Amino acid sequence: MRILVCADGELHSKNAIKKAISLGLFVSAEVTALHVIDPWLKTFYNEIYAQGRKQYLEYVDKCLQENAEQTRRAFNQECVAERLNATFKVRHGEPLVEILEEMNEFPPDVLITGGKCLNVWSRFKSRNLPLQLKKKINKEVSMIVVDNI
Amino acid sequence: MPDCGKYVPGFLFCLSFAYIGMNLDRLIASYHNAGADWATFLYESAQLNYVAILLLGGIVIRNTLPIPKALLPGIKIARPIIKPGIIILGVHYVWADVVRVGSVGLVLTAFFIFGTAIIVMWFCKRWGVSDGLGGIMGAGTGVCGVSAIIATSPVVKANPIEMAYAIGTILLFGTLMLFTMPYIGNSIGLSESQFGAWSALAILNTAQLVAAAEWYGTEALNTAVLINVARIMFLPLVVLFALWFYVLRTGKQDSNREINKWHLVRDKFPIFIIGFFLLVLLNSMNIQSLGGPRVAGSPFWAMNAVYTWCFAIGFAGIGLSISIADMKKAGGTAFTIGMTASLVKMVLGLVVVLLIGSQLLRIAGS
């Protein structure tokens, strides 16, 4: 059995990691955490009056790498504490596209993501990645959304 | 060698879109002049000129049709084509304009920029908002939106989530203001020069500011661009202020990394405005061989024709870049700060330009 968990470093994804680890231990599954480095912020570097573009791009790159590294460290710590052998992967691109691509290349049995508790307004304006994933993933894959409570 | 080929398809797409938009504008205008009711409605009531066609058309295309990935790099580089357009616009001014409107603009922008930046940063500090978010929202709402966020974020060490919220918020309110302010201005009978000053003071993002002013009329654009030049000249000072407010004053400076303030100001200075002022200077010198924007066949007349194309391509790029998904990133505290700052600037800016009147804000040209 293979479990794929999405890890972006935010609180809801930390809860998702905990869930993936406990489930992985329970069913002796292979757990893989996926962190996607989203280059969205970099697309604004050429704003009309933008100054210090190189510095901005370097800064954003550094922040995104640090975030990936922190997420990897936190995931590894959780795995060591629970004595679970797991894999941490990093992909670059639009999160929805990259998660689907990963699932296409290495199909999991269970997909676990974190989910924010959204009110009506937030639900309307949020990208709501778990909902978009639910619509697009193969029906044979079970999906668990761990809410940020 | 940079891969320039990847920009070609998207740029050609923007160029074609701009061509269609400009010709549709001419077509509607010709029917309007011929007395067709539908054209009069579109031209006068709906204010559907080439700017509106390119922006609205671009938004519809971007958010409803699947844009091929091959077009995206070219669309992104189409937006900054507005910049050479602004430099060329220098031929519309003489020094008397710069001194009169520019000095009014300088006082207004100094008041609005530093007023907004200081108040936003101070309130953020008081309400426990992180330094990173407070710094980029202070600069973003005060100076020139996303451009200011790009300049400030490495200085105040904003984190990526805060930057995403801030950029989404600025884009959202900039776009809302772009599509509402020209109609508000028209409904209350604001003159073109007053509208130009109002948009330069109130609209958070530069691209939307230029589009709104051009949408309203050439005179509005002339005033808006001059005041906006004054506005962006303050960008390095606002970054310096954010550095002092969040880093130097609080002693949070990295001990092994000396911050060179002169280098910071130099790096954040918008060099292209030197080109703008150079053209103002040449136009003011009344050099016979250069002619003027209204002297047919002269070099300045040709440049004047080119600027509309630069703007049209830029507006096509702006319209095609306005993604609802991007604006959905607006949220959290940034949303509240952005909404409050934009509403306050909109109302205060309107009161100020109504008090000043049209005369002081009008560009006479050569």
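A:Ile3 has its bridge partner in β4 of chain A: the residue is A:Val110. That pairing belongs to a predicted model. It joins strand β1 (residues 2-6) to strand β4 (residues 110-115), both of chain A. The two strands run parallel and share three bridges.

**The sheet in chain A**

- Five strands make up an open sheet in chain A.
- Their order is β3-β2-β1-β4-β5, and the pairing is parallel.
- In this order β1 sits between β2 and β4.
- The edges are β3 (86-92) and β5 (142-147) of chain A, and each of these strands pairs on one side only.
- From one strand to the next, the twist averages 25°.
- Backbone hydrogen bonds are what pair the strands of a sheet, in either a parallel or an antiparallel way.

**Cysteines**

- How many disulfides are there over all chains? The count is zero.
- A:Cys6 is in no disulfide. Its nearest cysteine sulfur belongs to A:Cys79 and lies 15 Å away.
- A disulfide needs two cysteine sulfur atoms within 2.5 Å.
- For B:Cys4, the closest cysteine sulfur is that of B:Cys14. The two sulfurs are 16 Å apart, so they are too far for a bond.

- Is A:Cys6 buried or exposed? A:Cys6 is buried, at a relative accessible area of 10%.
- B:Cys4 counts as partly exposed, with 46% relative accessibility.

Definitions and conventions:
Residues numbered from 1 in each chain as written. Chains lettered and ligands numbered in written order. Predicted model: local features only at pLDDT ≥ 70, side-chain atom pairs only at ≥ 80, totals over all residues. Heavy atoms only, no water. Buried < 20%, exposed > 50% of the residue type's maximum accessible area, 1.4 Å probe, protein only. Pairing = 2+ DSSP bridges. Helix = DSSP H or I, 4+ residues; strand = E, 2+ residues; numbered from the N terminus. Axes fitted to C-alpha atoms, helices over the stretch in contact; angles between N-to-C directions.
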